[in-house]
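Below is a short exchange of questions and answers for a reader who is meeting this structure for the first time.

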Protein chains: 2
Amino acid sequence: MTEVQRGRPRSESSRRAILEAVRELIADVGYDAMTFEAIAARAGASRQTIYRWWKSKASVVTEAVVEGFVQLPLVTIPTTGSLRHDLKEWIAIAPGASGSSSEDGARAVQVIRGLAAAASGDSHDAELLYEHLTGPAHQALVARLEMGKTAGELPHRSDCIAVADALLGTLVFQILTPTRSEERLFGVVDALVPANG
Amino acid sequence: MTEVQRGRPRSESSRRAILEAVRELIADVGYDAMTFEAIAARAGASRQTIYRWWKSKASVVTEAVVEGFVQLPLVTIPTTGSLRHDLKEWIAIAPGASGSSSEDGARAVQVIRGLAAAASGDSHDAELLYEHLTGPAHQALVARLEMGKTAGELPHRSDCIAVADALLGTLVFQILTPTRSEERLFGVVDALVPANG
DNA sequence: AAGTTTCGAGACATTATGTCTCGTAAATAA
DNA sequence: TTATTTACGAGACATAATGTCTCGAAACTT
């Protein structure tokens, strides 16, 4: 199956340096301004080396995400209070929220928008991107919702996956949108999680 | 206030031709491939004429949207059956749904992704874009939800705006995402609209 | 030692951007 | 009418990024 490699092997340090450069640049200058030249320059690599292993900017970004160089701070959901309260805490912590540091928040928002831009091109990359980025957050949400269901805060017939879809979808949409409003997101939580239980 | 114009007035036909070209190109080739040169060529105008009146590609696209040259087919919501049923019909008709023509659907999806890309740049353009694109759809949703509330299909304490936020946000997120699944969107409807009423 | 493949560096043609000039067209002002 | 002012299409121009190519050196296999 796997042919024995002949000749000089691929440089792992160069590969790592390129993915590191992507991680830094997508936060510093954004996706559009992150050119192949800029990546190569920051990584101390040659442009040709990038072209040799990746076919597009989106594919480099995708690998940086899949390899864990780029991550989103969405996976941590509190379990300290009621389901409603914890979900609202989660929203307040989310990138772009007025509560979080405007510095980090703005960078995270730029990353998310950049990843959305990368995903809008190739559909294969898009699948991997969303799987590795929103996947963990989605799983964490489902887990927290199941906890709430066990505690009787959610009807036992509720579809936790659907509720997680709605929460995550609305949140990301509002991050991509300039109309980000915590209050309206709180309203979505209230609409999805009954007051009585 | 308004000074009397001296010299040759701005050509309205040229302006319209440019916005028409944007409408065609954003569906034909997408946002990225829609260059200033391509717009000028299709509009039969000079590149300089575009640069004279718009400062960026996003601003041309924004004006095309604001002036109604580019529209989304999301505003029509059936009122023929139950609230749940009608909302699912609406989702099935939405762009990118497997039910709609794959030809038109793919074009509409490309338009939406292009507009998201345009909005990711300037925040002022983004505000106008989302206001004119999702605004009407949002209003139509709220209206349909209010109808359902009157009919007792929605608790009278429900926040129709929040429910509309969740529905539209989830839908657009799934359009931007390769994981578009009607079934999961139907689950979101079920989670937001109680079975009993 | 010979052969193979990658490396960084950079040349090269192509394409899009944004600014500029040119001659012409269409309006107002004298 | 004539001069002035502004917009127009066309295209030149410098800049920047893309993607392909070549080069000599490095690293590994046989």
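Q: How do the residues of the surface near DNA strand D divide by class?
A: In this predicted model, the surface near DNA strand D divides into five nonpolar, 10 polar and nine charged residues, where Asp, Glu, Lys and Arg are the ones that count as charged.

Q: What makes a residue part of the surroundings of DNA strand D, and which are the closest?
A: A residue is near a strand if its C-beta atom, placed from the backbone, lies within 6 Å of that strand. 24 residues surround DNA strand D, and the closest are Arg8(A), Gly7(B), Arg8(B), Ser46(B) and Thr49(B). The largest share of this surface, four residues, comes from α4(B), while α3 (36-43) and α4 of chain A together with α4 of chain B each supply at least two residues.

Q: Why is the relation between chain A and chain B called that of a two-fold axis?
A: Chain B can be laid on chain A with an RMSD of 0.1 Å by a turn of 180° and a shift of 0.0 Å along the axis, and that is the relation of a two-fold axis. The same surface serves both copies, as 100% of the contact residues of chain B recur in chain A.

Q: How many residues does each chain bring to the contact between the chains, and which element of chain B gives the most?
A: The contact takes 30 residues from chain B and 30 residues from chain A. On the side of chain B that touches chain A, α9(B) gives the most, with 11 residues, and this side has 15 nonpolar, nine polar and six charged residues.

Q: What share of chain A is buried, and what makes a residue count as buried?
A: A residue is buried if 20 or more other C-beta atoms lie within 10 Å of its own, and of the 197 residues of chain A, 39% count as buried. The secondary structure of chain A comes to 10 helices and zero strands.

Terms used
Residues numbered from 1 in each chain as written. Chains lettered and ligands numbered in written order. Predicted model: local features only at pLDDT ≥ 70, side-chain atom pairs only at ≥ 80, totals over all residues. Contact = placed C-beta atoms within 7 Å. Least-squares fit on C-alpha atoms with pLDDT ≥ 70 in both. Buried ≥ 20, exposed ≤ 12 C-beta atoms within 10 Å, placed from the backbone.
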